[in-house]
Amino acid sequence: MIKKAVIPAAGLGTRFLPATKATPKEMLPVVDKPAIQYVVEEAAAAGLSDVLMITGRNKRPLEDHFDRNHELESALLRKGDADRLLKVQESSDLATMHYVRQGAPKGLGHAVLCAAPHVGDEPFAVLLGDDLMDPRDPLLSRMIDVQTRKGGSVVALMEVEPDKTHLYGCAAVEATGEEDVVRITRLVEKPAPADAPSNFAVIGRYVLAPEIFPVLRGTEPGRAGEIQLTDALQVLAGDERVAGPVHGVVFRGRRYDTGDRGEYLRAIVGLACEREDLGPDFRSWLRRYVTKEMPED
């Protein structure tokens with residue numbers, strides 16, 4: 001059984017400056033919860049009860065958020081504010097949380113390698129904090145099911161427009177007997193459109209065999225001196241004798257990229273519109289706002 005999740009969270013969040021000057025980008029709110037809580041909730045919903053965050057300097061608020069705050073809880077209890085008390089306690093009850101610092105910005109592959117002592121010799125999941133998956137589209141549970149049955153490693157894939165392939169790692173794939181599952185034969189990190197093996201892009205969910213760790217240790221730094229997880233997965237995909245096959249689960253559900261400012265705003269609007277407590281009034285206001293005649297500059 002896969003029980004451990006690794007969440008890399010050491011990035012500086014430079015695209016959101018100055019908001020992230022003193023606040024980790026993972027703590028930016030999406031409606032009324034920090035973005036990182038959605039990711040931990042996804043891991044917990046998939047049965048992953050042990051979560052390791054790979055952090056860096058100035059990330060202490062992440063640890064505080066998933067810890068108990070007895071002073072705040074006592075104040076809410078005295079006020080009889082049961083609803084807010086439950087929300088405060090919810091984040092600390094999701095999973096057993098662990099933290100390790102990456103130390104140097106050497107890329108996603110290096111961040112995953114930092115998890116090796118904690119993960120040990122067992123498969124594990126990696127969830128990138130910039131990708132929020134709608135809980136009604138249980139991608140991670142499906143990936144764990146595929147890994148349990150087929151072994152090896154499993155990568156989440158999404159079809160993108162051909163002119164967007166340079167933003168992602170892209171996979172060459174072969175069909176399997178399952179509509180949403182493909183076998184990956186080759187991976188290319190951020191290819192030019194003319195060089196992309198397909199329009200199947202790797203998105204921020206992985207279920208990895210522990211054999212990824214020795215491969216990462218032998219992976220030379222690539223662009224910007226970073227160790228790319230895609231390069232290590234290419235080794236596994238090229239030789240199944242190393243750690244079994246590499247499969248992809250093609251995701252066609254709802255996904256929000258909170259690492260991009262425009263997508264971050266769309267995530268807030270989309271999730272707020274669908275909330276039972278906020279949606280009706282917010283949708284009504286939004287209709288009026290977008291249809292009214294805007295003054296000319």
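1. In this predicted model, Asp 64 and Arg 60 join their side chains in a salt bridge, with 3.3 Å from N to O. The two residues stand 4 residues apart in helix 2, so about one helical turn separates them. Asp 64 is partly exposed, at a relative accessible area of 44%, while Arg 60 is exposed, at 54%. Elsewhere, salt bridges with shared partners link Arg 142, Asp 145, Arg 149, Lys 150, Glu 178 and Asp 180 into one network.

2. A second pair deserves attention. Lys 59 and Glu 26 form a salt bridge through their side chains, at 2.8 Å from N to O. Lys 59 belongs to the loop between strand 4 (50–55) and helix 2 (60–65), and Glu 26 to the loop between strand 1 (4–8) and strand 2 (29–30), so this pair ties together parts that lie 33 residues apart in sequence. Both Lys 59 and Glu 26 are buried.

3. How many salt bridges are there by the rule applied here? The count comes to 23. As background, side chains of opposite charge can pair when their charged atoms come close.

4. Lys 33 and Glu 41 also form a salt bridge, their closest N and O atoms being 2.9 Å apart. Glu 41 is buried, with a relative accessible area of 18%, which falls under the 20% limit for that class.

5. The second largest pocket has a volume of about 480 Å³. It is lined by 23 residues, and Glu 41 is among those closest to its centre, together with Tyr 38, Met 133, Asp 134 and Pro 135. Helix 1 (35–45), strand 7 (131–133) and helix 7 (139–150) each give two or more residues to this lining. Helix 1 contributes the most, with 5 residues. By class, the lining of the second largest pocket has 12 nonpolar, 1 polar and 10 charged residues.

6. The largest pocket has a volume of about 1600 Å³. Its lining comprises 50 residues, and Arg 15, Lys 25, Leu 108, Leu 128 and Asp 130 lie nearest its centre. Which element supplies the largest share of this lining? Strand 11 does, with 4 residues. The lining of the largest pocket divides into 18 nonpolar, 13 polar and 19 charged residues.

7. Finally, Thr 165 is found in the loop between strand 8 (153–159) and strand 9 (169–175). Thr 165 is buried, with a relative accessible area of 1%. Its side chain reaches the backbone oxygen of Pro 162 at 3.1 Å. Leaving aside residues up to four places away in sequence, Thr 165 touches several residues, including Val 160, Cys 170, Lys 190 and Asn 199.

Conventions: Residues are numbered from 1 along each chain as its sequence is written. This is a predicted model: local features need pLDDT of at least 70, side-chain atom pairs count only at pLDDT 80 or more; totals for chains, interfaces and linings use all residues. Side-chain values use heavy atoms; hydrogens and water are left out. A salt bridge is a side-chain nitrogen of Lys or Arg within 4 Å of a carboxyl oxygen of Asp or Glu. Buried means under 20% relative accessible area, exposed over 50%, partly exposed in between (1.4 Å probe, protein chains only). A polar contact is a pair of N or O atoms within 3.5 Å; within protein, one must be able to donate a hydrogen and the other to accept it, and residues adjacent in sequence count only if both atoms are side-chain atoms. Contact means heavy atoms within 4.5 Å. On a 1 Å grid over the protein atoms alone, a cavity is a set of points where a 1.4 Å probe fits but cannot get out, and a pocket is an open set with protein on both sides within 12 Å along at least five of seven lines; lining residues have an atom within 4 Å of a point. Grid points are joined across faces, edges and corners, and a volume is the space filled by probe spheres set on the points. Ala, Val, Leu, Ile, Met, Phe, Trp, Tyr, Cys and Pro count as nonpolar, Asp, Glu, Lys and Arg as charged, and the others, Gly among them, as polar.
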